[in-house]
Amino acid sequence: YSKNNMNLEKENVSLLGKNLAKYHTAFEKMIDSQKLNFLPKTFSLEKLLIHPGPEIFVNLSQANMKLLKIIQKDPNIYDILEQIFSSWNPQTLVHGDIKFDNIIMSLTDEKDTKTINKIIIVDWELAIIGDPAWDIGSIFQEFIRIWLSLLPITGTEDAEQLINLSKNSFHNMQKSLRI
């Protein structure tokens, strides 16, 4: 992956997916094991977003405070979040914080092309027993976050203009993620 090139090789994205799937599959049969009892089986954002305690206000940013107010004012959002959290399906070990900063790639340099031959996922401090869809969604979110951060925003263009000005095609990124 390169910030300057969102045309990701399907093989590299596939390797990341396979690596994550290995963790999910390996721990799937162990969710009721005593060895994993130290891991929580609940989603930590549920408590923060729906039933926040006073402790969250210590490190809460202004943006997160706005988000919390929006959630608490709109019963529809609150109900949707309640539904989402009630359908949380703890199935296996979930990283819980998948982002590019937590992925180490080992490269081989053959014939002037660099190929990823190994991916290591690090920083498991937020690991829980949870729904593997969370990790997959987090990977998608990272690609979208990077793509958005590379848009040439000046404040005068609309969304369609931004997409047309993008050096990195969102369509190419989508193709890379379709494995």
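This is a predicted model: local features need pLDDT of at least 70, side-chain atom pairs count only at pLDDT 80 or more; totals for chains, interfaces and linings use all residues.
Visitor: How is a pair of aromatic rings described?

Guide: A pair of aromatic rings is described by the distance of the centres and the angle of the planes. Rings of Phe, Tyr and Trp (its six-membered ring) pair if their centres lie within 6.5 Å; planes under 30 degrees apart count as stacked, over 60 as edge-to-face and the rest as tilted.

Visitor: How many aromatic pairs does a search of the whole structure find?

Guide: The search finds two aromatic pairs. In one, the ring centres of Y23 and W124 are 4.7 Å apart and the planes stand at 55 degrees, so this pair is tilted. It links distant parts of the chain, 101 residues apart: Y23 belongs to helix α1 (residues 10–28), and W124 to the loop between β3 (113–121) and β4 (128–130). Helices (H or I, at least four residues) and strands (E, at least two) are DSSP runs, numbered from the N terminus.

Visitor: Are Y23 and W124 buried, exposed or partly exposed?

Guide: Buried means under 20% relative accessible area, exposed over 50%, and partly exposed in between (1.4 Å probe, protein chains only). Y23 is partly exposed at 26%, and W124 is partly exposed at 26%.

Visitor: What is the geometry of the pair formed by F100 and F143?

Guide: F100 and F143 are edge-to-face, with 5.0 Å from centre to centre and 80 degrees between the planes. F100 lies in the loop between β1 (92–94) and β2 (103–110) and F143 in helix α5 (residues 133–149), so the pair ties together parts that are 43 residues apart in sequence. F100 is buried at 16% relative accessibility, as is F143 at 3%.

Visitor: Which residues make up the largest nonpolar core?

Guide: A nonpolar core is a set of buried Ala, Val, Leu, Ile, Met, Phe, Trp, Tyr and Cys residues joined through side-chain atoms within 4.5 Å. The largest has eleven residues: V13, L16, L20, I98, F100, I103, I119, I121, I139, F143 and I146. Two or more residues come from each of α1, β3 and α5. A second, separate core has six residues, including I31, L36, L39 and A127.

Visitor: What does I119 touch?

Guide: Contact means heavy atoms within 4.5 Å. Leaving aside residues up to four places away in sequence, I119 touches N12, L15, L16, N19, I103, I104 and M105.

Visitor: How many salt bridges does the search find?

Guide: A salt bridge is a side-chain nitrogen of Lys or Arg within 4 Å of a carboxyl oxygen of Asp or Glu, and the search of the whole structure finds three. One joins R145 and E142 at 2.8 Å, N to O. Both residues lie in helix α5, three residues apart, about one turn of the helix. R145 is partly exposed at 38%, whereas E142 is buried at 5%.

Visitor: Which side chains meet in the other salt bridges?

Guide: D32 meets K41 at 3.7 Å, N to O; D32 is exposed at 67% relative accessible area, and K41 is partly exposed at 35%. D97 meets K99 at 3.8 Å, N to O; D97 is buried at 18%, while K99 is partly exposed at 29%.

How values were computed. Residues are numbered from 1 along each chain as its sequence is written. Side-chain values use heavy atoms; hydrogens and water are left out.
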